[in-house]
Amino acid sequence: MTTRSSLPRPWSSRRSRARRVAGAAVAAGLLLLTACGGNTGSADARGSRGDADGFLRVQAPDRQRAPALSGPTVDGQPLDAAAYRGKIVVLNVWESTCAPCRAEAPAFAKVAGRTRQQGVVFLGINTRETSRAAARSFEKAHKITYPSLYDPDGRVLLGFPRGTFPQTIPVTVVLDRRGRIAARAFAPLGERSLRALIRPVVSED
């Protein structure tokens with residue numbers, strides 16, 4: 001009787017390769033369950049450190065300034081984020097067909113309304129969208145009342161310091177009162193986790 005150890009080496013090698021391929025496919029599937037893929041840049045930014053909540057926070061001396069954020073919104077209205085100077089700005093990058101973006105949208109709508117009195121402003125960046133109508137339908141369905149810049153080709157995102165954004169969406173970035181990148185989250189956020197992301201920046205002097 002032929003034992004496994006006496007099987008030809010090519011058979012064993014093919015089986016090993018098949019297992020590696022299957023493992024890679026499972027890993028890719030898990031990634032797709034948690035985020036929508038796309039080319040938005042590198043995940044590693046200078047000065048970022050993970051915390052217990054899984055967020056990347058940047059110590060004040062290492063923070064980089066965000067670029068000027070201006071352009072048309074999904075409603076076709078002009079927007080210039082310079083009007084938010086002195087406030088904490090929460091930037092959420094989203095796209096209407098992204099399931100995790102849809103899942104987190106109700107929390108963003110709720111927290112945006114409840115943190116306004118704390119000097120927090122929410123702003124969306126709608127990217128990879130082929131239709132403004134689809135983006136407007138998303139906002140209406142999820143009761144999003146804050147504006148979103150329309151950035152179908154990612155030009156707004158490319159203006160940020162290298163490494164601000166990973167390869168997937170949704171992504172949430174918090175800017176401090178001086179317009180610097182203070183914290184980032186690379187996964188869908190519920191109400192509790194969104195508040196946890198914002199809270200330390202709100203508490204800063």
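Let me start with a question: how far from Glu139 is the nearest side chain of opposite charge? Please keep in mind while looking that what you see is a predicted model.

The answer is 7.3 Å, and the side chain in question belongs to Arg136. Glu139 has no salt bridge, although this residue is buried. If we set aside residues up to four places away in sequence, Glu139 touches Val74, Asp75, Trp94, Ile144, Tyr146 and Ser148.

Next, a word on confidence, which I would like everyone to carry through the rest of the talk. The average pLDDT of the protein is 82, and 75% of the residues reach a score of at least 70. Residues 1-34, however, have a pLDDT below 50, and the model gives this stretch six contacts beyond near neighbours in sequence. Residues 39-48 also stay under 50 in pLDDT, and for them the model has 39 contacts beyond four places in sequence. Where pLDDT is low, the predicted coordinates should not be read in detail.

Now to the cysteines, where the count comes to one disulfide. The bond joins Cys36 to Cys98, with an S to S distance of 2.3 Å, and the link is right-handed, with 100° about the S-S bond. Distant parts of the chain are tied together here, since the two residues lie 62 apart, with Cys36 in strand S1 (residues 36-37) and Cys98 in the loop between strand S6 (88-94) and helix H2 (99-114). Cys36 and Cys98 are both buried. Cys101 counts as buried as well, because its relative accessibility is 2%, and the cut-off for that word is under 20%.

My last stop is Asn92, which has its place in strand S6. Why does Asn92 count as buried? The reason is its relative accessibility of 5%, to be set against that cut-off of under 20%. As for partners, the side chain of Asn92 makes a polar contact, at 3.1 Å, with the side chain of Thr172. Leaving out residues up to four places away in sequence, the residues that Asn92 touches include Glu104, Phe108, Leu123 and Gly124, and also Pro170, Val171 and Thr172.

Conventions
Residues are numbered from 1 along each chain as its sequence is written. This is a predicted model: local features need pLDDT of at least 70, side-chain atom pairs count only at pLDDT 80 or more; totals for chains, interfaces and linings use all residues. Side-chain values use heavy atoms; hydrogens and water are left out. pLDDT is the predictor's confidence in each residue, from 0 to 100. Contact means heavy atoms within 4.5 Å. Buried means under 20% relative accessible area, exposed over 50%, partly exposed in between (1.4 Å probe, protein chains only). Lys and Arg count as positive and Asp and Glu as negative; His and the chain ends are not counted. A salt bridge is a side-chain nitrogen of Lys or Arg within 4 Å of a carboxyl oxygen of Asp or Glu. A disulfide is a pair of cysteine sulfur atoms within 2.5 Å. Helices (H or I, at least four residues) and strands (E, at least two) are DSSP runs, numbered from the N terminus. A polar contact is a pair of N or O atoms within 3.5 Å; within protein, one must be able to donate a hydrogen and the other to accept it, and residues adjacent in sequence count only if both atoms are side-chain atoms.
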